[in-house]
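User: Please go through the strand and helix packing in this model, one point at a time.

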Amino acid sequence: MAASGGYNYRDATTQRGSVKVDRPLSVNSNPKSSVKSKPLVPPRRNSTGSVAGGGAGAASKDNTGVPGRVRVAVRLRPRNSDEMVLDADFADIVELQPELKRLKLRRNNWDLDTYEFDEVLTEFASQKRVYEVVAKPVVESVLEGYNGTVMAYGQTGTGKTYTLGRLGEEDTAARGIMVRAMEDILADVSLDSDSLSVSYLQLYMETIHDLLDPANDSISIVEDPKTGDVSLPGASLVEIRDHKSFVELLRLGEAHRFATNTKLNTESSRSHAILMVHVKKSVKGRDSALSSQNVNNSHTVKSLKPPVVRKSKLVVVDLAGSERIDKSGSEGHTLEEAKSINLSLSALGKCINALAENSSHIPVRDSKLTRLLRDSFGGTARTSLVVTIGPSPRHRGETASTIMFGQRAMKVENMLKLKEEFDYKSLSRRLDIQLDKLIAEHERQQKAFEDEIERIATEAQNQMSEVEKNYEDALEKERLKYQKDYMESIKKLEEQLVMNQPKHDFEKVTNGPKDDGSNVTSSKEICKLHVEEIDDLRKLLQRETSLRKAAEEESNNLKSQLTQWKRSEAAANSEISKLRKMLEDEAHQKEKLEVEIAALHSQLLQMSFDADETSRQLDKSGPGKVGGLDSLMTQVRHLQLNDSGNEDKASIAKIFEQVGLQKILSLLEAEDNDVRIHAVKVVANLAAEEANQEKIVEAGGLTSLLMLLKTSEDETIHRVAAGAIANLAMNETNQELIMNQGGISLLSMTAANGEDPQTLRMVAGAIANLCGNDKLQSKLRAEGGIKALLGMVRCGHPDVLAQVARGIANFAKCESRASTQGTKNGKSLLIEDGALSWIVQNANNEASPIRRHIELALCHLAQHETNAKDMISGGALWELVRISRDCSREDIRTLAYRTLTSSPTFQGELRRLRINN
Ligand code: ADP
Ligand code: MG
């Protein structure tokens with residue numbers, strides 16, 4: 001890549017070693033010209049050959065930046081037709097030695113000044129070659145994720161616009177840098193996943209005009225205080241899909257520039273044109289510097305790895321003509337206008353001078369141009385400058401000053417930085433989509449189950465009612481049939497009875513009571529008739545009986561059918577309850593997934609928070625801030641929440657609401673250490689809010705946190721858990737709970753094993769809080785609390801010492817109170833535990849938080865005569881005398897004085913030493 005055009009971004013050391021600059025004598029005679037005779041390429045911190053293209057990419061994988069000096073090429077315009085005539089009798093004032101990268105400027109007929117550039121482009125240099133040596137390495141860097149700047153500087157008419165802005169529609173070979181750069185960019189990006197957009201602006205008299213929307217003429221510059229990135233939120237940003245649309249846009253911009261200049265009554269040579277190409281590329285995991293740095297944790301996180309994007313920017317600047325403005329007003333400007341027109345360009349010159357001279361103040365804020373280009377000079381962008389000059393001796397002065405500008409710009413060192421960031425938005429979008437899909441799928445399943453259940457229920461119902469109806473019908477039919485049969489038989493019997501009756505009567509009448517043979521015969525017949533009749537009846541009865549049996553059978557049949565139906569209904573019911581159970585399982589599963597998603601959300605939040613904090617710490621410069629005096633709470637919050645903490649706090653509160661405290665606490669016992677770390681951080685954040693503390697303790701959070709101190713071996717967990725405990729320990733009820741759950745020995749153990757000063761600070765802070773509880777004094781001491789505090793001074797970190805001192809002061813205060821109330825007698829437990837020598841050693845510590853606490857502790861100890869002897873032998877008397885005289889806080893000074901004067905032992909000793917107090 002670096003070889004693309006032979007624009008070898010040569011390294012200074014090579015150059016100095018191999019090229020001996022052949023200087024004309026006259027150079028030495030002029031002390032002012034020392035600039036040009038110095039090593040022409042400023043020294044660089046690393047000596048990797050080319051930094052163009054791949055070089056930067058490889059070196060910056062750790063994202064700390066690589067040095068990249070501003071590269072400067074000089075381009076000579078051929079004589080134009082006027083010059084052919086006017087300068088016919090004169091030689092060109094410059095002579096180029098492109099192979100040596102040198103330019104000689106004629107001073108007079110016999111003197112030449114020699115200058116060296118990164119590249120020297122003769123009047124024959126093709127536009128393609130100019131692009132390849134000046135701009136291509138910058139474009140390649142932009143495609144790799146660095147910001148880039150290509151800028152042209154020179155007198156009006158020397159070819160700045162020719163070099164940068166030619167569209168080359170009539171002649172492809174004439175295409176300038178803007179068009180060629182966009183061709184290369186479009187060939188490299190994939191518009192499915194990447195994006196490309198363009199702004200095009202003009203800066204004139206400190207006003208920025210939008211060349212893509214002429215109505216928009218007051219665009220302001222916004223600087224991100226964190227990253228220093230500048231942006232122009234008011235400028236139109238047009239998405240580029242293909243080359244044609246870009247050329248169209250340039251043409252439109254050019255037309256608007258012309259119209260604006262006519263309106264403002266100025267020439268385009270007086271304004272600066274700025275093209276900004278924003279490239280956003282997504283990066284494959286292993287190519288990304290960020291993802292190899294941060295996201296290496298567990299498999300759960302892997303699927304949630306936020307995509308990485310590189311958002312870089314190519315800025316192409318066609319500057320206003322560098323010639324001085326005629327302040328006489330001949331161009332129709334007032335003096336004020338002339339000043340304003342010149343402001344940006346002269347401010348740029350001043351900044352470049354200041355950067356070239358490594359000056360401590362760079363006047364970036366003096367003009368809009370320098371604010372816009374702050375990343376290009378002395379910033380993080382790869383910058384390439386082409387200075388354009390003409391050959392005419394009539395413009396010697398302007399040509400010389402252009403060359404000097406280029407020479408100074410060559411000394412500006414940038415520190416290239418990869419513009420890579422996690423694309424949290426797209427991750428969040430992805431998660432949202434996943435969640436929505438799950439929710440929709442779940443809803444669909446639920447609906448399907450419900451439909452199925454309903455269907456089975458109605459089917460069962462229908463079958464039931466059909467069976468019932470069938471049964472009823474059959475019964476009714478039977479009943480009717482029996483009834484009918486019965487009626488018929490009754491009817492028949494009645495008929496027979498009626499038939500038999502007259503016969504009987506007649507016989508009675510005709511035969512009378514007498515008895516003869518004929519009578520016998522007829523009686524026999526009657527008998528026979530009766531027998532027949534009885535037979536008939538018997539048959540009838542038999543038939544009836546068999547019919548009844550059949551009906552009974554039928555009824556039994558129906559009954560068994562009914563039981564069968566009932567059985568199948570029961571089966572359907574059990575099927576229904578099975579489906580219900582499945583539905584419940586589904587709901588349960590969904591709930592679990594939601595919890596997991598929320599936890600992952602919290603991890604994401606924590607990651608973004610960590611990233612923020614890292615960048616904030618990187619941003620923080622100098623030793624400006626010293627920790628606050630005493631509120632541990634503030635310190636813990638500082639540790640865990642950054643300046644934009646409100647947002648995070650809100651999100652944590654949201655997680656808290658969504659996930660529920662119990663679930664967060666259960667994550668403290670997760671198997672995965674990363675999950676535990678995230679969970680304990682969330683709990684610590686919650687514990688920093690007084691409103692949450694009671695809930696956390698009630699839900700068993702305190703016990704879990706103490707447990708973590710015991711079971712975990714991870715220093716981060718120790719640090720964060722101790723911080724959370726310290727927060728909880730601000731409340732009196734919690735202090736007792738902590739003590740009762742063996743907190744002191746756990747904190748002591750953590751203190752003994754901890755190495756990170758921040759862990760020790762948290763532990764010391766927690767013990768210091770406990771020290772302030774009157775009821776816990778002797779238990780705290782008996783369980784080694786004071787020894788643990790004193791043990792932590794080994795670390796020497798002022799923050800830790802401040803907490804130790806605070807603990808001692810708290811303890812001494814409670815003791816003093818107890819002694820005054822008569823509930824304690826005898827020597828101070830602090831003195832018994834050997835704290836005095838440390839107290840005396842640090843009584844005049846230069847860190848005021850440490851000193852103040854110790855001063856107070858000394859005053860408290862001195863209030864009781866039982867301590868006086870030890871204090872004298874331990875050297876504390878001297879410190880008390882000093883405090884009573886020199887302490888800057890009046891209240892402490894007075895307290896020390898009163899304590900000294902009211903103690904007979906101290907007074908005696910002072911008298912013995914002949915010291916007046
Ligand atoms: P500037 O933008 O610096 O004021 P221009 O780019 O407008 O200068 O160039 C002034 C004139 O010189 C234009 O007519 C342009 O075509 C011509 N010109 C500039 N550079 C070259 C070059 N390298 N070869 C041929 N013509 C050039
Ligand atoms: Mg121009």
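Analyst: Axes are lines fitted to C-alpha atoms, for helices over the stretch in contact, and angles run from 0 to 180 degrees between N-to-C directions. The model is a predicted one.

User: How are α20 and α21 oriented to each other?

Analyst: The axes of α20 (residues 673-687) and α21 (residues 690-698) come within 7 Å and cross at roughly 125 degrees. Angles of 65 to 115 degrees count as roughly perpendicular and those over 145 as roughly antiparallel. The two helices, α20 and α21, are therefore oblique.

User: Which residues of α21 does α20 meet?

Analyst: By class, this contact has 4 nonpolar, 2 polar and no charged residues. From α20 come Val683, Leu686 and Ala687, and they meet Asn692, Gln693 and Ile696 in α21.

User: What is the strand order of the open sheet of 3 strands?

Analyst: 4 bridges join β3 to β4, an antiparallel pair, with Val94 opposite Leu105 in β4. Another 5 bridges join β4 (residues 102-106) to β5, also antiparallel, and a hairpin through 5 residues links β4 to β5. The edge strands, each pairing on one side only, are β3 (94-97) and β5. The order is β3-β4-β5.

User: Which helix packs on this sheet?

Analyst: The helix touches β3, β4 and β5, and its direction makes about 150 degrees with that of β4. It spans residues 396-409 and is α14.

User: How many residues of β5 are buried?

Analyst: Buried means under 20% relative accessible area. Strand β5 (residues 112-116) is mostly covered, and the buried count is 4 of its 5 residues.

Conventions: Residues numbered from 1 in each chain as written. Chains lettered and ligands numbered in written order. Predicted model: local features only at pLDDT ≥ 70, side-chain atom pairs only at ≥ 80, totals over all residues. Heavy atoms only, no water. Parallel < 35°, antiparallel > 145°, perpendicular 65-115°, else oblique. Contact = heavy atoms within 4.5 Å. Nonpolar A, V, L, I, M, F, W, Y, C, P; charged D, E, K, R; others polar. Buried < 20%, exposed > 50% of the residue type's maximum accessible area, 1.4 Å probe, protein only. Pairing = 2+ DSSP bridges.
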